[in-house]
Amino acid sequence: MGWLTGEKQAGQMDKTGLPRHVAVIMDGNGRWAQRRALPRSAGHRAGAENFRRIATYCKDLGIEYLTVYAFSTENWKRPSEEVGGIMSLLRKYLIESVETMARDRIRLRFLGDTSVLGGELRELIVRTDEISAKLGADCFQANICLNYGGRDEIVRAARAFAAQCAAGEKQPQELTEADFARYLYSAGLPDPELLIRPGGELRISNFLLWQCAYSEIYVTDTLWPDFDEAAMDQALSWYRARDRRFGGLSKKQER
Ligand code: IPE
Ligand code: IPE
Ligand code: MG
């Protein structure tokens, strides 16, 4: 098989058994730049370019949702220069997206607390939301986690539900897992079947804590800017070979 031997060209892979939803922790931009004696900002630029490449590839493969971790609630701890650089890259990317997303049939959705972002960024997010709403639900969707934290998301959901209970609109004992998921930023999205972490760190860094309960986790030392179509093929092939038991028994064990 090509995916085992690496013989197959990227994009030549069998498209059966693909996940509907892939999540990616886009990590390793800084190290990518450091290895080239470049400033960290160059790594973030290369990382943003790579998001474009991988989103296009996922769309072409027929994956429905790609959710990427772009900026965490903890990333504000970085030097303000670096944070400012990431925000201007985002601005540039969104300005281009407003022009191209209808043509490319790519919907964008933002997960996280975007209310604290600058006015221009917030306006651009409103614009991309409007364009996304006009594109049909059958279009590929990229979800960008921005000022996103898994714990923050869960606390906000709990607060919203508690407020409805206090107002007499909801009963605590009636809350189900499916109901609770509707209070999350990810409301309406299927859980990601596959979570990819480039950059080699064996941790989740506060990403999609609720949604990744049963995701298959693929970690590679490849840094995000180098994570190309062939690297994606490898991750998808690895995913296909997983035995997803969800706490039960595998088909083999049942016999
Ligand atoms: C991920 O790359 C991008 C963000 C967190 C915004 P890093 O900047 O964390 O890159 P490394 O981990 O330092 O290499
Ligand atoms: C996770 O990467 C956040 C993003 C990729 C946006 P970090 O580089 O912030 O994670 P840690 O600090 O290594 O856990
Ligand atoms: Mg990092």
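Which backbone atom type of G28 lies 3.4 Å from an oxygen atom of ligand 1? A backbone N or O atom of G28 does.

## Basis of the model

This is a predicted model: local features need pLDDT of at least 70, side-chain atom pairs count only at pLDDT 80 or more, and totals for chains, interfaces and linings use all residues. Side-chain values use heavy atoms, leaving out hydrogens and water, while residues are numbered from 1 along each chain as its sequence is written, and chains are lettered from A and ligands numbered from 1 in the order in which they are written.

## Ligand 1: shell and contacts

Ligand 1 is surrounded by 13 residues. A residue belongs to such a shell if one of its heavy atoms lies within 4 Å of the molecule. The closest are D27, G30, R31, R40 and R78. By class, the shell holds three nonpolar, five polar and five charged residues. Here Ala, Val, Leu, Ile, Met, Phe, Trp, Tyr, Cys and Pro count as nonpolar, Asp, Glu, Lys and Arg as charged, and the others, Gly among them, as polar.

Helix α2 (29–35) gives the most to this shell, with three residues. α3 (40–61) and α4 (80–104) each supply at least two. Helices (H or I, at least four residues) and strands (E, at least two) are DSSP runs, numbered from the N terminus.

Polar contacts are pairs of N or O atoms within 3.5 Å; within protein, one must be able to donate a hydrogen and the other to accept it, and residues adjacent in sequence count only if both atoms are side-chain atoms. R31 places a polar side-chain atom 2.7 Å from an oxygen atom of ligand 1. For D27, the side-chain distance is 2.9 Å. The protein covers 87% of the 380 Å² of accessible area (Shrake-Rupley, 1.4 Å probe) that ligand 1 has on its own.

## Ligand 2: shell and contacts

The shell around ligand 2 includes I25, M26, D27, Y69, A70 and F71. N75, R78, R197, R203 and S205 also surround ligand 2. The classes are five nonpolar, two polar and four charged. Strand β2 (residues 65–72) gives the most, with three residues.
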